[in-house]
Amino acid sequence: MRLNLKNLSIVDSLLWLIRVVVIVLVLWGSIAGLTSGRVDGEGWGQFFVRCTTSTDVGTIQCMGKYSAETWRDFFIFGLAQGGIYALIALGYTLVYGVLFMINFAHGEVFMSGAFTAYFVAASFSDSGFMDQNPVLALGVVMLVSMVTSTIVAVLLERIAYRPLRRAPRLVPLITAIGASYFLQYTFRGLYGSGKKVYPDVAILTGKWMVFGIPILKTQVVVFVAAVILMVGLYYFVQKTKTGKAMRAVAEDKDVAMLMGIDVDRVIVITFATGAAMAGAAGVLYGLLFKQVDFIMGFIPGIKAFTAAVLGGIGNIPGAMVGGLFLGIFESVGPSLFLEGLGVPAAYQLKDVIAFTMLVLVLIFRPSGIMGQNLSDKKA
Amino acid sequence: MKAQTFDVKSVFKLGGLGGFTLLYLSLVGLVSNFVTRDVISKTMSLSFAFVIITTFLFGYLTARRTSRRNWFYAVGGGVMSGAIGIACLIILVLLTAPLNLQAVFVNASPALIKVLTFGKEPFTAGLLPLTGWAVVSSLTGAMVYMLPPNIRRAVIAGVVAVIAIGTLAQLLSDVVENIFALLGNKRASGALLKIFFAKKGLSVSGAAIIFVLTILVSAFSAWRKQIVAAKEQSGAAQTQTPKEIKIAVWIVSLLVILLLPNIFGSYLSEIVVTVAIYTLMGFGLNIVVGFAGLLDLGYVAFFAIGAYTMALLTSNQMGQTTELVNTGLSFWAALPISIGVAVLWGIILGVPVLRMRGDYLAIVTLGFGEIIRVLALSNFLQPKIGGAQGILGIAKPVVFGYELVSSQQLYYLVVAAALLAAYVSWRMRDSRAGRSWMAMREDEDVAEAMGINLIKTKLLAFATGAAFSGFAGAIFAAKLGSIYPASFNLLVSINVLSLIIVGGIGSLPGVVIGAVALVGLPELLREFSEFRMLIFGALLVGMMLFKPEGFWPAAAQKRELHEFESEEVEAHPASEAA
């Protein structure tokens, strides 16, 4: 899109202004936050020297309000939550890559798995099976979640999206929004509107020492599971024949069809794969955050979409990187630069950080961290 | 030609789908929650109506698919499909207690079983009548399909009318009463109401009368249509409506608008006010999305900004909840400021997204909307705008010394605002700006080549949209007298967007129709509150699948969405000729 030069410069300068303001705010906030431990009357030089030479680096004076351990815990929690975002983001990215459509109902696909699997987890926990045979039990719970999500996504594709594949772009988007509400309230009708609490798993309470750092076991399991699933998916898409077909359809549907690929089947598989990842993410979410209910899909859905955009939508490794990045940013950010700016109860604004990142990425780098620019072509 | 055999497979498929639908309705809770809600007094509750309508529908569909206009096939298909469908439900009823399904599915409750088995003891005794009813209604559906198309349409219209009126019986009887009270004739209203309405729902006689009347009316209108079509074909000159009639129509509609609050009573007026506020927003978003083609999912932001500006300027309790002081402005003084602030924000948020299109724009605006909501809710801004406690004591509008407090009084203000918005968008649509918007919607690059300044045009669209939304927000704040961040969630944006799409995107009458359908109806069906969003979502999906151009489409949209089909139609004769 070419714009009138005179106007271009005005808009451009405004956009630059926004960039500068955001960067300054973040930097200033971070510095103010980290140096809030400076003792009254102490010069900057003294503070710097004290903090760099002191033997107990990481004490409260040098890291702002929090100790180094707390910062590390924030970071690790961010990794675990980022793993979940990344898994959900894969669904957005896969579908967008193939259909150039934002599957707005993907958050609900995630919810359906987590919510359904809760009942299995609860019954395993009641019968004691969960504690006798935790690996098998969690495996079954995860399988149930993945299968449920997959069924929901396949039905969604078949009923709501397939007839609209040639419709103007607004139409599938509205359909997806409608489907999202429909699914939310269907599951509310089925399972009730109360919050359900995932049962504790005995072997996952407490901490493990990983490289000498104590980490909550659930966080380790969540992160490791997320990584295994992502690596598996990456190999599925890169190495198998179906994965190759998927990439071919993403590249050009018509040519793929000429090459003998059943495009409808590939699209269904794409939805199913993304949904299975979301279902797995659902159980991990249940383990990490405990509570599930019928509207739990919305916020993680939006955030996962942010992650997908952040990494470059349509790009699978991008979604993974974007998810981790977002998770960490969201976990560390409020304490790091919002509190430094003097914002009270900064954790309330973690969603603002996520949404602001979404907005900024879309405005300034719609191609994401590692994607090529699809927005010009299709959006 | 294939042999005309009975397609058993399709019957099983449709019967199974019917069964699945019945299971869905039961488990989601639509069946068990409306036992006390009578459509036809003491004869049919809404709960049971769901079962009957489903089997009727699938009987009809089965006949359509498999009967091949053969009465035997239709009867067989109808009965079988109904039986298969209800079998699924019976399995559910039988399994509920032994498997303790209620532990998972909250609605698989004893109440559900009681509804489905007519409260008989033991419940297995009720299964036979249930099956009977389902098969009969499925068979009726199949039979209805076999009727000649004109009669079929009339019968279906009759069924729909009875159920719709029965569901809204309470409200309608109030409206009738109010009309007669206005005419000063209480006795007649009592008599009339007695014929049609029972204590709950329609009376049996009322249902019968409405059914017959609707059939007659729709048969008559079909007959008239035929005559008109015949006249047009014979080349008769189109009859122009005389000027007197046009004026009379205007006067009558004006009178209706003026008297509406009295006819409707306070509850319905409240709903009309809400609908009018959404209409006002709809006109605004219609400019942004419908005319200019900029998909905005964060429209609620401007609504919130308008409302908060109004609240901050006119609240008399600022000192108590927040650090700011009372300015003590009146509604009318604060209104232009609220709109101005909304416009300003429309431009501020519009500038960064000037380069974006389509889905990305939608998501960014959604982000803006959410950011504003989270900020309004946070402790961060609490000293300024009250946080979760909101702002109380917002001034009511005063007109010629009268304070507009109740919704029956506010009605006039809101309707005037909506009419103004309608007028403005109508004039803007046909102005130079409107034509630039539409050119930009169709193709930005071409529009620019034609000398349209995209930046100005886009910002004008955002600003106008924001102005209407801010206006609506200001009225909303004044109407409630207090505002809370919870009122400004994403759902408002979604609602407004959906209503202009359901009405017909880019179409002005469509906005009103959409607002009535998506905001008015759910408000009317308060008892459905739990299921509102379910129905809303289903309606949105269904609308997009079957009627994506909306109820009252604008000409351009209709063309675009049916391009594909009309091309085929045009291509067909050509290929035949070849």
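**Confidence and helix packing in a predicted model**

Biologist: In which helix of chain A is confidence highest?
Modeller: Chain A has a mean pLDDT of 79, with 82% of its residues reaching 70 or more. Confidence in chain A is lowest in helix α15 (residues 375-378), where the mean is 41. At the other end, with a mean of 89, stands helix α11 (residues 263-289) of chain A.

Biologist: Why is α14(A) described as largely enclosed by the rest of the structure?
Modeller: A residue counts as buried if 20 or more other C-beta atoms lie within 10 Å of its own. Among the buried residues of α14(A) are Asp351(A), Phe355(A) and Leu362(A). The helix is largely enclosed because the buried residues of α14(A) number 11 of the 15.

Biologist: At what angle do α13 and α19 of chain B pack?
Modeller: Two packed helices are described by the angle between their axes and the distance between the axes. Helix α13 (residues 331-350) and helix α19 (residues 454-480) of chain B have axes 7 Å apart, and their crossing is right-handed. Their contact has 16 nonpolar, 7 polar and 1 charged residues. The angle at which α13(B) and α19(B) pack is about 140°.

Key
Residues are numbered from 1 along each chain as its sequence is written. Chains are lettered from A and ligands numbered from 1 in the order in which they are written. This is a predicted model: local features need pLDDT of at least 70, side-chain atom pairs count only at pLDDT 80 or more; totals for chains, interfaces and linings use all residues. Axes are lines fitted to C-alpha atoms, for helices over the stretch in contact, and angles run from 0 to 180 degrees between N-to-C directions. Helices (H or I, at least four residues) and strands (E, at least two) are DSSP runs, numbered from the N terminus. A crossing is left-handed if the near helix is turned anticlockwise from the far one by less than a right angle, and right-handed if clockwise. Ala, Val, Leu, Ile, Met, Phe, Trp, Tyr, Cys and Pro count as nonpolar, Asp, Glu, Lys and Arg as charged, and the others, Gly among them, as polar. pLDDT is the predictor's confidence in each residue, from 0 to 100. A residue is buried if 20 or more other C-beta atoms lie within 10 Å of its own, exposed if 12 or fewer, and partly exposed in between; C-beta atoms are placed from the backbone.
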